[in-house]
Structures are given as C-alpha cells and as structure tokens.
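Welcome! Here is a friendly briefing for anyone meeting this structure for the opening time. Have a look at the model below, then follow the topics one by one.

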Amino acid sequence: MEKSRCRRWLVLAATAATVFLPAAAAEGAGFTPLHIPAGARHLGALAQATTLHATLALAPRDVAGLAAYARAVTTPGSPFYHRYLSVAAFARRFGPGPAQIAQVRRALAAAGLTPGTVSASHLTLSVTGRAHVAAAAFSTSFERYTTSGGQSGYASTTTPSVPRAITGLVQGVIGLDSVAPTASAVVHLPRHRSGGAQSRPSAAADLGASGPHPCAAAQAAGANGAGYTADQIASEYGLTNDYAGGNQGRNETVALYELEPFSASDIAAYQACYATNASVTTVPVDGGAGRGSGSGEAAMDVEDVIGLAPGAAIKVYEGPATGAGAYDTYSRIVSDNSAQVVSTAWGLCEALEGAVPAAAESSLFQEAAVQGQTILAAAGDLGSDDCGDHRQTVDDPASQPWVTAVGGTSLQGAQNVVWNDALGATGGGVSRLWGRPSYQDGITQ
C-alpha cells in the first residue's frame, strides 16, 4: 500500500477532498485484482509445503441494517443520533452469529486448513494452511516473484473463492500474497522549495498559537528550509482558540495506521524540543511493521499529532505492508475501539485495491461509524490521476463513503489555497466503486 502523503512542511489538511458522484461503472467492472507489481520477475511456482496466512472477511449478519444504523447514528435529528454501540453490542447485532462462524470453521477445516481467531466484532477470521491445500480450498494457485526493488514473495494467480457451503458468509479472502501493490510502500519525503521565504506565514501567524512551542533548533531548521513549526501550523489553521480554552486533545485517543516502523529516539527528540510529554504506544499487528530506518513518514505522523494535540494519547498500530497486514491493521483498530479518531496517510489506487477488499474494508468502516470512531484518510498526492495512468482515478480508503477524505492546502503568505503544484496535488474525484452517499445529495459535478 503506497504512502499517500501530503507533504506537510508546506501542505496541511482540508477535509472533504473526495466527492462521491454516481458510480461511473458497475461495481467490479475493470477491477481485476493486480497481484503482481509492475516490473516483477517470475521465479516459478510456490513450494507446495509453504505455510500461508490469510484473513477471511466475514459478511455482516444484516448488511442493510448495518448501513441503515450507520446512517442513523451519524445523522443529526435521527432518534439514534450518537447512540453508539460497543464492540460487543455490534457483534451481537450485526456480526455473524456463533452458528455462522462455526459453519465457516468447519468448512475451512474440512478443506484441510486451520481456522484461527475471530475478531471481537466477528467480521474477520484468520486462517493458516499449506500452499497446495490453500490453492485447492480457494480455487487458485501461487507463483513466486521478485520485485524490481529486490523483494521476494508469492501471489495468487486468480481471485480466490471460498467453498460453496460458505459463499454467503464470507465477503472475501484477503492476503494470499506477499508481493501485492500493498507490499511496496512509496514514501514521499519533504522536498525543499526555492524562494521559500515568500511562502512562509505572516509574522502575526508565527506569534498567535499558544500550544507547544519549538526549540531554537527547530525554528532555525524551519526558517532555513521553508518549513513550518507546529505552532505556526496551529495558528494558521485556527487552533489558537482551542488552545486558549485549554483544549489540546486531553481525554482523547488518536489511532495512527502505519505500515512502517518509526524511531522512538526521533519521537523523544521531538518531544524534548517542544517540551511535550504525550503518551505514545505501539500496537503490533500480524507481527508488526518489520524493520526499517524509522526516520520516514510514520515518525512525522506521530510528531504532527504531538505538535497539534499534545494532550491526546497516541496509539500507533503497526502492521506489515501486505494485503493481509493492511486489512488486519484496520480490523484491529476498529475491534479495539479505543481511539475516537483514526488517521491514515496510507492509500492505494482504487482500481488496484479491487472491489472485494474495498467491500470488506467498508464493513469495518461502517462498524467504526456505529461505534463513534472517525476515520480520516489522505486523499492522495497525484490529484485526480491517483493510479498514475492518466485517467481520472481516486484513492482508497479516502474514496470510501464512511471515511473522511483529507486533501491538501498550501500556505502561500497570507493565503491558504488548494495544493496543486510541481510537487503534486491534492486528490479527489469520482469513485468507480461507490455511488454517491446521501450526505452528498445535491452536489453537482
């Protein structure tokens, strides 16, 4: 899953970047799953004895009822407005029941697979098995590849399907690959702009914030690199009144969705500079995000929240950059239900995501809405050409109806304008998977 990032040294968030107009094509049309990244080299068939791990996205018990409740609980004036459910209540009301889960387990076991744990919401079930057994059970086969970046792994050759006995109980099989597009994280690091002094905030904006203040080293680095310190950002985007009222995110928990690690020492240095003491904990999913320099954008995600909401507790959910890891990380965040706000800067071109994984994600995001969790997702860095193929495309999960897409604005002196320059552009456009939701009624193209 590529890192869909607004470069926040000069770009900040503005909500509602993606508009959902009527779907341009029937669901699934033109969305054949792309398992093999461009430039990957075929290495032959996967050894039959290889152990595979995947996730079954289970279908909600009452799909229409879940959608209706998600609308009601988020609509002012509804008798169910803000009557959020606990995870346990969600599982009882909308998750598949014990009998259905047992039926899925029996079918998997009969196929020679080993069913694992089911999530607290009852929407996901892990499964393990040898490659030749999984191939027979899910009507596919597996081939090995190495990517142009040197990563080796496997991918299924066709879209997996489940045994007929449980077809109506399973939305899809996720993660029967380790070289899917989600496995290659493309990190967009900040680039410096010449003539940056002309695009810095005004002096009044520099002095207006009353939240965390940077140390001298950060102030100098920002001035030399045409970057913005957290207090400048807070002032420019209207947080001054919140700070003055004592609102710095206290009693709130923010979940950050990450598919790469971050450096704890980098976070400690940032907190020392800003004299903050925010609580930052890491929650590993499927073994965690693996190894890495820890100096990339995951660290910036954490530091941005610290700099703008230093009183909030931050939980960083780290999963592997694979199909199963990407989905399982969302599932864990929603099943934990410990964060009121969920933020992700990771996204994937909607066409590469595919209809089946997107539908499975949508069930999780509807659960989040029913539980009172707000999910914010970056709209993408390539404007309306999210897939990079010169066609109008959007980014998942920002294009999901139950996710708030976050676009970019650019600070240019006293002006705050839509981000669209030589470095990239904020995303948005027409989804080909989702029709226009009711909250966008009346919007014209």
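A residue counts as buried when its relative accessible area is under 20%. Tyr330, at 1% relative accessibility, therefore counts as buried. Please keep in mind that this is a predicted model. The protein chain has 13 helices and 19 strands, and buried residues make up 53% of its 445 residues.

**The chain as a whole**

- The protein chain exposes about 18800 Å², and carbon and sulfur atoms supply 54% of that area.
- Of the contacts between residues at least 6 apart in sequence, 81% join residues at least 24 apart.

**Nonpolar cores**

- In soluble globular proteins, nonpolar side chains tend to be buried together.
- Here, the largest nonpolar core has 37 residues, and Tyr257 and Val370 have the most contacts inside it.
- At least two residues of this core come from each of helix 1 (63-73), helix 2 (87-93), strand 9 (253-258), helix 11 (323-336), helix 13 (355-371) and strand 14 (374-378).
- Helix 13 gives the largest share of this core, with six residues.
- A second, separate core has 25 residues, including Ala107, Leu113, Ala135 and Ile166.

**Helix 1 and its cover**

- Which residues of helix 1 are buried? They are Gly65, Leu66, Ala67, Tyr69, Ala70, Ala72 and Val73.
- Helix 2 and helix 13 are among the elements that cover the buried residues of helix 1.

**Aromatic pairs**

- A pair of aromatic rings is described by the distance of the centres and the angle of the planes.
- The structure holds seven aromatic pairs.
- One of them joins Tyr69 and Phe94: the ring centres are 6.1 Å apart and the planes stand at 50 degrees, so this pair is tilted.
- Tyr69 lies in helix 1 and Phe94 in the loop between helix 2 and helix 3 (98-110), so to speak of the chain, the pair links distant parts of it, 25 residues apart.
- Both partners are covered: Tyr69 is buried with a relative accessible area of 6%, and Phe94 is buried with a relative accessible area of 2%.
- Tyr330 and Phe365 form an edge-to-face pair, with 5.2 Å centre to centre and 85 degrees between the planes.
- This pair also links distant parts of the chain, with Tyr330 in helix 11 and Phe365 in helix 13, 35 residues apart.
- Phe365 counts as buried, at 1% relative accessibility.
- Ring pairs also link Tyr69, Phe80, Phe90 and Phe94 into a cluster.

- Strands of a sheet pair through backbone hydrogen bonds, either parallel or antiparallel.
- Strand 6 (residues 142-146) and strand 7 run antiparallel and are joined by five bridges.
- Arg144 has Tyr154 in strand 7 as its bridge partner.

**Strand 3 and its partners**

- How many residues of strand 3 (residues 51-58) are buried? Six of its eight residues are, which leaves the strand mostly covered.
- Strand 3 runs antiparallel to strand 5 (residues 124-130), and seven bridges join them.
- Leu52 stands opposite Gly129 in strand 5.
- Strand 3 also pairs with strand 8 (residues 170-174) in the antiparallel sense, over four bridges.
- Ala57 has Gly172 in strand 8 as its bridge partner.

**A glycine in strand 16**

- Gly408 has its place in strand 16 (residues 404-412).
- At 4% relative accessibility, Gly408 counts as buried.

Definitions and conventions: Residues numbered from 1 in each chain as written. Predicted model: local features only at pLDDT ≥ 70, side-chain atom pairs only at ≥ 80, totals over all residues. Heavy atoms only, no water. Pairing = 2+ DSSP bridges. Core = buried A, V, L, I, M, F, W, Y, C linked by side-chain atoms within 4.5 Å. Buried < 20%, exposed > 50% of the residue type's maximum accessible area, 1.4 Å probe, protein only. Contact = heavy atoms within 4.5 Å. Phe/Tyr/Trp six-rings, centres within 6.5 Å; stacked < 30°, edge-to-face > 60°. Areas by Shrake-Rupley, 256 points an atom, 1.4 Å probe, with all protein chains shown as cover.
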